[in-house]
Amino acid sequence: MRGKLRGRQAIPVIVCLGLTVAGCASVPGQSAPTSGIQPMTQVDEQTKQGYFSDPYPIHLAASDANVIPESVSGTTKQVLGCSGPLTPDCFHPGQGRLDVTIGSALAQQAAASGATLRTPINNNIFQDDTGAWQMAVTYYVSNRNRPQATHWTVILHAHAAGATGNAVPTTWAADSLLVGSFADPTKADYDGKYFEDSGKLYLVYSKRLSEQPARDGIVAQPMAAPETVAATAPTVLLAPGDENSELFFGLHQQNTFKLIETGNITEVDGKFVLAYSTGAYDEPDYKIGLAWSDTFLHGYRKMTMTDDGGVWGKPGHTEVRYLMQSQEPSWPNYVGKTVLAPGVPAVVKDGPSWYLTFAGYDPSDAPVDPKTGDYVPSSRRPFFAPLSVHIPAGASVATTSEADLAKWITVGGQ
C-alpha cells in the first residue's frame, strides 16, 4: 500500500505448473522450502473469485484459541472462514462481506480538519479475552487544505455494529483516531493490529522512523483501552538495518528507501516470533522474514547470514536469511517457481500443527501492469505452508547462533 516511484524495468514472470515443489525444478545448491505450499482458496480466474490480499488471522478469545486460523480478514473486504482442518482451498467467504463505516462523531472530527476518509484497508479484527470484538482499520485520507499530499493514511478503531457472539462480526463502525493525523500528512501509519501481552493491550503498526534516510519499521503502542492510545510512546520492535536486500527499489537505485512491515507476532514455546515483510507487495522483492525475541516488548533479532557471493551487491556483507523470497534464485529459500512476491506472513497454530499464512501471486496467473512493470494487486492469492518448529529447551534468542536460530522455524512438514 506504499507509494512508489515508477519507471523501473519490467518484471520477468517464471511460469511453473502446480503449487507444490513437485511441479518445479529445485535450484542447485539451495534448499527447497516450497514443499507443502498450498492455496487457501479456490480461484476462478474467469470470474475473479478466490483472490485475497493481506490474509490476517483473526485473533480469538483464549477459550476459542483451538480454532485459529479458521478465520482471516484483510484488505479484501471479506471474512474468509475454514470449517475444518487447514486444507487446500478450504477458505470461503461464507462469513460475509465486511462493511466498515465512519461514525458521525469521527466524520465530524475529520471534516473539521478539512479531511475526507476515503478507503478502508488493513481490516484487522481482534477478539480480546473477555470476548469483546475490536478492529484496527487503516483509512486513506485526503484533505482539501493539502491537495498535494498523497498516500496518506491513519489508523482508526472500529467497534462491531452488528451481531456479536461466536460469529466474527462483519458490520463495523469506526469511532476514534488511534494513529496519524487528519490535518497533517504523515508517512506510514498503517497495518495496525492489537496484541495482548500479560494482560496489557498494544497496537502494533508500521511507523516512519526517520526521514533522512527514509526508514519505516514496526512499533508497539501501549493502549489505555482499545479505542484510546496510552500516553506512553511506542516502542520500536524491528527496523530496517544495513542489509542491501531490504532496499525497497532494488539494488543500484538512487532511492535508498527501506521498510519493514506487517508485524504479526506469535508466542511460540515461550519465545516471540515476528513475521514481517520487506520490499514492495507488487514486485519480486517482496519477501518474508522472521525475527525473534525472548520477550514481547523488546528489540527483535532478524535471521541473518553472510553474503559470501555478493548476491545483494557486497561480498562478505551480512544479509537477511529470508524464510521465503522470489527475488534472487541464488539466495536461500527461493520460491519464485511456486509463489511470486510472498508477503504479509503470520505464524499460526491449528491444533498441534504450525503453519505460515501469507499472500502472493501464482506464477501462472500473475499479470503485469504494462505501464509500471508491477504485478496487478487484484491477482494476489492467499497461501499457507506447514512449518517445522524446533526450539531447544532452555534456549535464549540472545545467545543462539545465527545458524541455529534459522533452524527454529523452517518451511516444510512436521
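Which residues form a disulfide, and how far apart are their sulfur atoms? Cysteine 82 and cysteine 90 form it, with their sulfur atoms 2.3 Å apart. The views below belong to a predicted model, in which local features need pLDDT of at least 70 and side-chain atom pairs count only at pLDDT 80 or more, while totals for chains, interfaces and linings use all residues. Residues are numbered from 1 along each chain as its sequence is written, and side-chain values use heavy atoms, with hydrogens and water left out.

**View 1. The disulfide of cysteine 82 and cysteine 90.** The structure holds one disulfide (a pair of cysteine sulfur atoms within 2.5 Å). The torsion about the S-S bond of cysteine 82 and cysteine 90 is about -115 degrees, so the disulfide is left-handed. Cysteine 82 counts as buried because its relative accessibility is 5%; buried means under 20% relative accessible area, exposed over 50%, and partly exposed in between, with a 1.4 Å probe and protein chains only. Cysteine 90, at 12% relative accessibility, likewise counts as buried.

**View 2. An open sheet of five strands.** The strands follow the order S5-S9-S8-S7-S6, and their pairing is mixed (two strands pair if DSSP finds at least two bridges between them). Strands (E, at least two residues) and helices (H or I, at least four) are DSSP runs numbered from the N terminus. Strand S5 (99–102) and strand S6 (115–127) are the edge strands, each pairing on one side only. From one strand to the next, the twist averages 40 degrees.

**View 3. Strands S7 and S8, with helix H1.** Strand S7 (residues 133–143) pairs with strand S8 (residues 153–160) in the antiparallel sense over seven bridges. Glutamine 134 stands opposite histidine 159 in S8. Helix H1 (residues 104–112) lies across S5, S6, S8 and strand S9 (171–179), and runs at about 40 degrees to S9; axes are lines fitted to C-alpha atoms, for helices over the stretch in contact (heavy atoms within 4.5 Å), and angles run from 0 to 180 degrees between N-to-C directions.

**View 4. The largest nonpolar core.** A nonpolar core is a set of buried Ala, Val, Leu, Ile, Met, Phe, Trp, Tyr and Cys residues joined through side-chain atoms within 4.5 Å. Of the 28 residues in the largest one, Trp292, Met324 and Val347 touch the most other members. Strands that each supply at least two residues include S17 (271–278) and S25 (381–389); the largest share, four residues, comes from S25. Apart from this core lies another, of 23 residues, among them Trp133 and Trp172.
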